[in-house]
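Visitor: Could you walk me through this one? I'd like to ask as we go.

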Amino acid sequence: MSESAGANAPKPSSSVKLVLLGEAAVGKSSLVLRFVNNDFQENKEPTIGAAFLTQKCTLPTRTIKFEIWDTAGQERFASLAPMYYRNAQAALVVYDVTKPSSLTKAKHWVAELQRQASPGIVIALVGNKLDLTNDGGDASAAPEPENESAGADGDEAAEEGEGHDASSGNARKVSTREANTYAEEESLLFFETSAKTGTNVVDVFTAIANAIPESSLKTGRGAAGSGQTALGARSGDDSRVNLGERNAATAKEGCAC
Amino acid sequence: MSWSSFVQKAQSLIDPANFNIPSLSSDNHNPSKASLFRQQFRLPDSQNPLQEITADLVLPLPNTASSGEGPRKVNRPGNRYTGRLHLSERFICFSTQPTSFLPSSTLSASTNFTGQTHGTGPSGNGFTLPLSCIRRVERLHSASHVFSLALTTWNGLLNKQQEPNFVPQRLILQLVGSRQACERFCDCLKKGLREGMKEVDNLRSVVSDCYSEYLLSGARGKPLEEQGENARPPPDAGLGMLFRYPGDARKLRDRSKMRLWGEYFRENGRNATLVRQPTFHKLIRVGLPNRLRGEIWELSSGSFFLRLRSPKLYQETLAQFQGQESLAIDEIEKDLNRSLPEYPGFQSEEGIGRLRRVLTAYSWTNAEIGYCQAMNIVVAALLIYTSESQAFFLLSMLCDRLLPGYYSTTMYGTLLDQKVFESLVEKTMPVLWEHLAKSDVQLSVVSLPWFLSLYINSMPLVFAFRVLDVFFLEGPKVLFQVGLAILRVNGEELLDIQDDGSFISVLKSYFSRLDESAHPRSENPKLRAITRFQELMVVAFKEFSGITHSTIVEQREKHKDAVLESIESFAKRTSIRNLGPESKRLSVDDLGTIYDRFYDTLYQWQQHQRLVEEERKRQEKKKSERLSTLGPPANAEMGRVGLGPSPTHMDYDAFREFLAATSKWAVSDTPAGSRKDSQGYSSLRGPNKSLLWANRRQPADHEFMQRLYRKWSTDPEEGLNLQNVVNGLARLKGSPDIMNNINYFFDLYDDSGNGQVDREGILKISEALLFLSRRGFEGTITATQSLEDLNGISDREHAEQNRLTVDERFLGSVSAFIRRCFEYADPSHPENQKAAKQDGATEVTEKLDSFAIGDDEEDLIDVDDNKENKSSPPEASQPAASTEAARHRSTSESANPALDPNNPLHITLPTFRMVVLADELLEQFFESYFPQSFHLSDYPHPAALAASSSLSSNLTTFSNIGSAKPSNVTAAGAVSVAGASGGIVPPGKGLRGVLDNIVTDGIRMAAEVKKRMDEAQRDLERNALGREEDDEEDDEDDFRRGSAAAMAGGISSWGAGAYGADPQRGGVRDADRDLLEGAEVVSVRGKDEASSLLDVKEGADKPDTGGNGNDISAHDAEVVSKVVEFES
């Protein structure tokens, strides 16, 4: 994986359980891949139940290790969701800016989380696929187009096919104002992102990290030097996440945030 | 229950390793004996246990045994098995697991196979033969009184080519039992064989697809792998034939395994005619050879029998739905490229195409499941070893039997098995369990994919397939055993983990090193050679041998309710949130109540329907087996939300049930048993539930309810969904606005949608008002008004109304309502309509002005027939024709032009409003009673009330009124009009008597109105015919008939129920049934005649020519010993 420089002065480190929810094909997995790998890889394994990934995020005062549960998108897996958002401290509720129904679904997830998840959960509403709109994509330009289209959106590559064709025009169907108003009403963090171009992706996670109240952090866990450094990895060849050596305490710089 | 859990606890404390759950004495789950029978022998749902008898199975020794080779003796300790012989419609099964499915047998006798099976799976040693593959049955003469049968099968004879050294398969069965019992069994077998003969063609085609057939036909002492010269290409044994099978064939000892299987087949039959001996199960344990894997999976899981039954189903399904689209297909398409992408076959269009077709075909045959992610992985794995058709039937076996509920729309089976798994871990590995809990690691998030994708996604493929080999033979318990073993083997490392991440990573690395030596540093080379996977298998099946099928069944039963409840509460939250803006007018509690009641009603209703349906089937002598071989099991518990796709729409009858649970007025007045659907029901002697159902509140059936139903539904054909009901209730209860409620009520009766309600409608409204109020107002209406309003009620009744109740006054209000409606109604003639429209507004105000003093007018209806002098309303200017008619009629008793059918009139919404608002009680009715009569969360469930006390004690009944009894409607109508019984309160009846009287009055009043109308109509007709007869008797008859019809038609349907059409319907149904039965008799007779002509080779005591002569040279002693080694 990416950055693994030795930290001279280990900051207080804590882990945060984060769950991704949202309608199928809004790009949940792509967002996580962008955040964790800062890259796109072909998603070799379909998400059964949920995929687990970790990534560190370094703030000026502390290090946050995100334990990310990326849930399966198919509708019927929704009834498994409570298993994954149990004890979650943060949630990313993702919708697709080109698909109004996905915002409706996102609202349902927000309501579900507000009622059922742990109190004080930090929820971020994320409108993905900004690259398909006029105002998106320009920020990060469009680098290496063929690379993007090859493995761009991972598991959702198939259904985004049409989207790519339309990317020249403005496919936006959910206005920023509408979503933002809703987010303000519900006091959610709000971002519009593009997992394809990387726009705003890291910002989302940084904002979440900042929004987690100090008090709710489990500081006893994940501190550098403890026995807990073997990070989850999906498999040997597909190293989306840091695969640390056992008992080799390597504090890692987080993402570029 | 508590005792057994105590025992469990004690046992796990004493020796967690040998933890064993006491054999289940289940009283809370009781699957039918037939379904247990099908489970044991993996038979299709169409099969039922018909006959059974204790028997010995004697297998002739192969002649090579004389050579006296050691390993053979090890492999085949004996050729005589004692067990039980079963017969179903199409199968004869023998098992050494002594089970019994007789109606008299105990549960433990029927569930015997769910205990420890020592690696043989539920069906043990023996055979499961389709009757179609029995060629001949002989009764053997024997010196002793042993009743012996010899079965000769089609084994190896279906191919045109004769195999060299072929010996027909012959099984000797010695029945143990009375001569009578033996004869009975044989008779039944005879019948079955005749039927079975028809399926020999199916058998031939299915068998020819079997690789075993190819293997034996081409064997001829040549190497198996290079069969090229045969004209017939080898049968499809999966994508592996094109893209290689996973793993190193040499390392897997594929060739040796193939030779062993070849030998086994020669001695014990192949595919349909296979006999299971201990070697069979051992050969499965050590891993199946590539080319036979699919076939053995089919045989051991029972999907082979599904394919045998309908060999063309797969192709036909594909053809039938060719080109059609569905949601499932879209979802399948998304996942095709990520199903075992590492296998070369699934990087090609060939593999992807097969996967697409199998998943699509299944989604069509089982639309309830459709497609669920993870099925793609499982099917992809199957397709490496099986043909498309084989994979299709295996998938259906998985979804219906082996993994029930796993892939359903709620995935309750998956969640349930996770709960079961967690509880097993807690019991068998308490220390680890506590550590996981302490570390806040939820085991199921890790283990869920193991179960959902059968380890295919977790372990390297070669090992996952080894697990599958055993899984198909032994059933779902294998998944649990392997899961527990994984945790046990990694126990120490897992005790070090702190969070989800490290937990996952420990297991990931374990899975990636399954092929390494389990004891790399051991001195003993034999020990060193044992791989981690072998170690895992030993731990799974030895250490956790106590985890049996019954353990799983018991645990599932234990956790089922909790799991379903959590799914249902999730579904409830979700769907209440999805109800949209209209629903916001109701409180969340109200919505919750509606939701619960809606689905509870649907569920109950469906259970009820199912029982009725079952009863009907039973009456058809259940001659017909289930036609479709696939699809959800017939006896599944349907309709519960948590179990997957449940009905989402209620029909009118279910809606009545819903209303009866919501509003008092919707409860029928007749006690249980007289309504149409309880008719078929009362004859049921089913489970306890039927009693509950029969004792529940019976919903009424009133025209008002039908109107409500039509009003609420978006599509009356489809029924009401939750959204419809919520919207309907939200409009009624959502805003405390009287105008809204009045408008709504008016709308209900505005049939033409033009803002007008005609005469009929006015009468119906009044009927509805009486219907709705007949159980009192629950204190929502208080009368402050003087008696003025009631002046229309007859003098005779005035005497009784000294103690005026609200209910009585309301009756007066309704009476006044009708009068005023007619008074202020507009004529419906087109020419007048124009005028009415022009000055409609002024007219209304005028009316309102004049209305203030309208109270002291005479009532329209006077029971004592003293209203000849009724003045005609000023608005009703009559056309010439009708005035003439009216003049004719003026001599008769009905002079009221408002009742003149020839003089159509209507009221508009403003008029309706005005009339309602003019009366305090009606105003209160619409303001508070009507909306509040729909009880949601603010009121205990009426059903609970009805259950706690008997129906009659807390609800008004009409049992004391003749008119409520369907049988004597005519008489009752006449009596009530004559006013003979109306006002009499039997002593001691108290309030209820009073209420009954009021309702009787209502009936009388409405009947009277009808009567007048009918008479007027008759007068008209008579006049038109120019006949001036005035026969009183005739009149009376007509009148009776007329009023009876009126009662049945509308007014009294709340009292008398829907009896009108009913007897007829019941009669028709009976006739149908008779017809069916008749047809059945005929067809059975026909069949008997036909079959007696058939020449069934059976009972001919012809000595068989060759019991032996088999010459097997290909015997690999070395490998056999290896097999044993593998196993240890």
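Guide: Helices here are DSSP runs of H or I with at least four residues and strands are runs of E with at least two, numbered from the N terminus. This is a predicted model, in which local features need pLDDT of at least 70 and side-chain atom pairs count only at pLDDT 80 or more, while totals for chains, interfaces and linings use all residues. Residues are numbered from 1 along each chain as its sequence is written, and chains are lettered from A, with ligands numbered from 1, in the order in which they are written.

Visitor: Okay, which loop holds Leu340(B)?

Guide: Leu340(B) sits in the loop between α14 (327-335) and α15 (349-365) of chain B, and its phi, near 45 degrees, is positive although the residue is not a glycine.

Visitor: And is Leu340(B) buried or exposed?

Guide: Leu340(B) is buried, with 27 C-beta neighbours inside 10 Å; the cut-offs are 20 or more other C-beta atoms within 10 Å for buried, 12 or fewer for exposed and anything in between for partly exposed, with C-beta atoms placed from the backbone. Arg253(B), also not a glycine, has a positive phi of about 55 degrees and lies in the loop between α8 (240-243) and α9 (254-268) of chain B, but Arg253(B) is partly exposed, because 19 other C-beta atoms lie within 10 Å.

Visitor: Switching to chain A, how many residues of β2 are buried?

Guide: Nine of the nine residues of β2(A), 50-58, are buried, and both faces are covered, with Phe52(A) among the residues on one side and Leu53(A) among those on the other.

Visitor: What does β2(A) pair with?

Guide: β2(A) runs antiparallel to β3(A), residues 63-71, and nine bridges join them, where pairing requires at least two DSSP bridges. A hairpin of four residues connects β2(A) to β3(A), and Cys57(A) has Ile64(A) as its bridge partner.

Visitor: What covers the buried residues of α24(B)?

Guide: The cover includes β2 and β3 of chain A, together with α20 (443-452), α22 (477-489) and α23 (491-494) of chain B. Ten of the 13 residues of α24(B) are buried, so the helix is largely enclosed by the rest of the structure; Phe503(B) and Phe511(B) are among them.

Visitor: Last one: which residues touch the most other members of the largest nonpolar core?

Guide: Those are Ala91(A), Val93(A) and Val379(B), in a core of 224 residues, a core being a set of buried Ala, Val, Leu, Ile, Met, Phe, Trp, Tyr and Cys residues joined through C-beta atoms within 7 Å. Helix α16(B), residues 375-385, gives the most to this core, with ten residues.

Terms used. Two residues are in contact if their C-beta atoms, placed from the backbone, lie within 7 Å.
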